[in-house]
Amino acid sequence: AIGSAVPGEPVKKDENSRRGNWGNQIEFVLTSVGYAVGLGNVWRFPYLCYRNGGGAFMFPYFIMLVFCGIPLFFLELSFGQFTSLGCLGVWKVSPMFKGVGYGMMVVSTYIGIYYNVVICIAFYYFFMSMTNLLPWTYCNNPWNTPDCTGVLGTSRANTTFANVSAVMSGLTEIVNRTKRTSPSEEYWRNYVLNISDGIGNFGEVRLPILGCLAVSWVVVFLCLIRGVKSSGKVVYFTATFPYVVLTILFIRGITLEGAVSGIKYYLTPQWEKILDAKVWGDAASQIFYSLGCAWGGLITMASYNKFHNNCFRDSIIISVTNCGTSVYAGFVIFSILGFMAHHLGVDVSEVADHGPGLAFVAYPEALTLLPISPLWSLLFFFMLILLGLGTQFCLLETLVTAVVDEIGTDWIIKNKTYVTLGVAIIGFLLGVPLTTQAGIYWLLLMDNYAASFSLVVISCIMCICIMYVYGHKNYFKDVEMMLGFPPPIFFRICWRFVSPFIITFILIFTVIQYKPITYNDYVYPSWSLVIGFAMALSSVICIPIYALFKIAVSEGSTFLERLKNSVKPDPDWGPALQEHRKGRYATTGPESVEVCPLKEDLKDEGKEKLKETEDEIGLTIPGSNGSTLNPSPSA
């Protein structure tokens, strides 16, 4: 239990005066859209499409979305909203599984560290766009190589867009070159990253990137300085403006020569790749990555909802918006890739870097072709910053909320800002190694291992815990009590059978078909892959370690008794506010009854009933939880 209800109109004021609620429901939906729609929609989804057979990737992607993504999204939203607790507190449902919450925190920590590094590179490009001529327009810079071939020629003559095609025709003479690179790609690799020859060669810290990382963390902290009260206002802009820029770039992209061939590459399926487990594994991890399942953020954001909010409707709106944005961004990317491939005389698959480089190579190249290109560059990188920040807000809030809920004292709730500051400073310091010359290698290693199969494991265990340990009938009743209607039959089937089965199948299949990570032609050394696996396991290992700890400290003379007691719902499990604790959560007697006498009464009166309903949740009462928080049960 978190606190007492506010007297008066709950619509006008926070229901939960101690913890706070969203200002209104639009803030929650926009925040969740900003959380789900992130950098991954621009640089990860098109990249996975491009790597996994174009349109063929859509098939496993939509299957994973319908049978795993949306059901898990709804599950996490309802889970957090029902208890009004973050990703640690919700595991009062079955305390032995609290390690899943710690696993979510570890995943959010890893993602939060490297995600902000990608945002800071966008900040860097944003600042470097404040010029009359974009620095990646031509090939006559100190960092360029003889292989550089620009789409606007090699001099700074006033080449108008009208005669770009004439310049391009001259490039056909050098088609026989063994390797051609664009000025934007060389700017990215040789100047921005000044990339080293391997993951073990850190080189020096790139001070401009480090400065931008500090700026990025300061912005995130300021937007979260008042928690969801301040971030809820910021998202009105950060969650909507990116669509304006995407639309402008889409219109510009499809009018470019060769855009059609790029879009065909995007949509034409290479069905032979559908048999590759990597394609299905990427589809599953992309759904979790993009929707934010298993990060803990969805549970956290939903915990600030009012108890009777229709989170079922919200989950459909947010999931469909996110998926549509991914596909839409893919059109924008591939129209530009088709344009570049056409003029360089190569296949679409050869024109761009992998991973984040796609957004920092393909897009900047296209922007040099637009009239007043610095203005469009500023807009585009501002959009990237906003997309990233929307996700970063929730990642940081997830960690802060988990800490504040767990400690739960009045002091820490009042001084939540200091917790936010502390987490931001730690996040900045841990991100410093990613600003070195080997930073991109580590960033991609974290992306491929820390936030991949571990998400699948966490989601699967969460489904098993809620549906089979706590009991699907109990959870369906909880959702019905909260929403006023039970979960639709499709979601009940997915939660119990389909989602866990598909997730388990993908996990096994991915392990069997595992291929080590590479970056362009660079093959990662085996010691770095060991570190990658260690990062992946560090989130999953929390689950068995905490489970063993919980069993050890639970009451009981035998192992089975301890196990049974460790999975029983905490007496404090249920709605946070007294006014919502109805049905089997209702307390007996006057509302102001003290906690301790109530526990004694329950022991005397309910022993037989508790024995008969071992599989059910039993009677619960508001009272002190593990965080020594004693609520006032007055309505």
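A: Let's start with Gly34, which is buried at a relative accessible area of 9% (buried means under 20%, exposed means over 50%, and partly exposed is in between, using a 1.4 Å probe and protein chains only). Bear in mind that this is a predicted model: local features need pLDDT of at least 70 and side-chain atom pairs pLDDT 80 or more, while totals for chains, interfaces and linings use all residues. Residues are numbered from 1 along each chain as its sequence is written, and side-chain values use heavy atoms, with hydrogens and water left out.

Gly34 sits in helix H1 (helices are DSSP runs of H or I with at least four residues, strands are E runs of at least two, and both are numbered from the N terminus). Setting aside neighbours within four places in sequence, Gly34 is in contact with Ala239, Leu387, Gly390 and Thr391 (contact means heavy atoms within 4.5 Å).

Why look here? An unreviewed UniProt entry annotates Gly34 as "binding site", along with Ala36, Val37, Asn41, Ser290, Asn322 and Leu387. UniProt positions are given in the numbering used here, feature names are shortened, and such annotations may be inferred rather than shown by experiment. These residues span 354 residues in sequence, yet no two of their C-alpha atoms are more than 11.8 Å apart, so they gather at one spot.

Another of the annotated residues is Asn322, in helix H13 (residues 311-344). Asn322 counts as buried, at 1% relative accessibility. Leaving out neighbours within four places in sequence, Asn322 is in contact with Ala36, Val37, Asn41, Tyr61, Ser290 and Leu291.

Back to H1, which covers residues 25-36 and also holds Glu27. The side chain of Glu27 pairs with that of Lys233 in a salt bridge, 2.7 Å from N to O (a salt bridge is a side-chain nitrogen of Lys or Arg within 4 Å of a carboxyl oxygen of Asp or Glu). Lys233 belongs to helix H8 (residues 228-238), so the pair links distant parts of the chain, 206 residues apart. Glu27 is buried at 1%, whereas Lys233 is partly exposed at 46%.

The whole structure has 10 salt bridges. One of them joins Lys92 and Asp572 at 3.2 Å, N to O. Lys92 lies in the loop between helix H3 (58-83) and helix H4 (98-128), and Asp572 in the loop between helix H23 (559-567) and helix H24 (595-612), so this pair ties together parts 480 residues apart in sequence. Both Lys92 and Asp572 are buried.

Now for H4 itself. H4 is mostly covered, with 26 of its 31 residues buried.

Finally, the largest nonpolar core has 192 residues, and Leu384 and Tyr524 touch the most other members (a nonpolar core is a set of buried Ala, Val, Leu, Ile, Met, Phe, Trp, Tyr and Cys residues joined through side-chain atoms within 4.5 Å). H4 gives the most to this core, with 19 residues. Not counting residues up to four places away in sequence, Leu384 touches Leu39, Val42, Ala122, Ala359 and Phe360.
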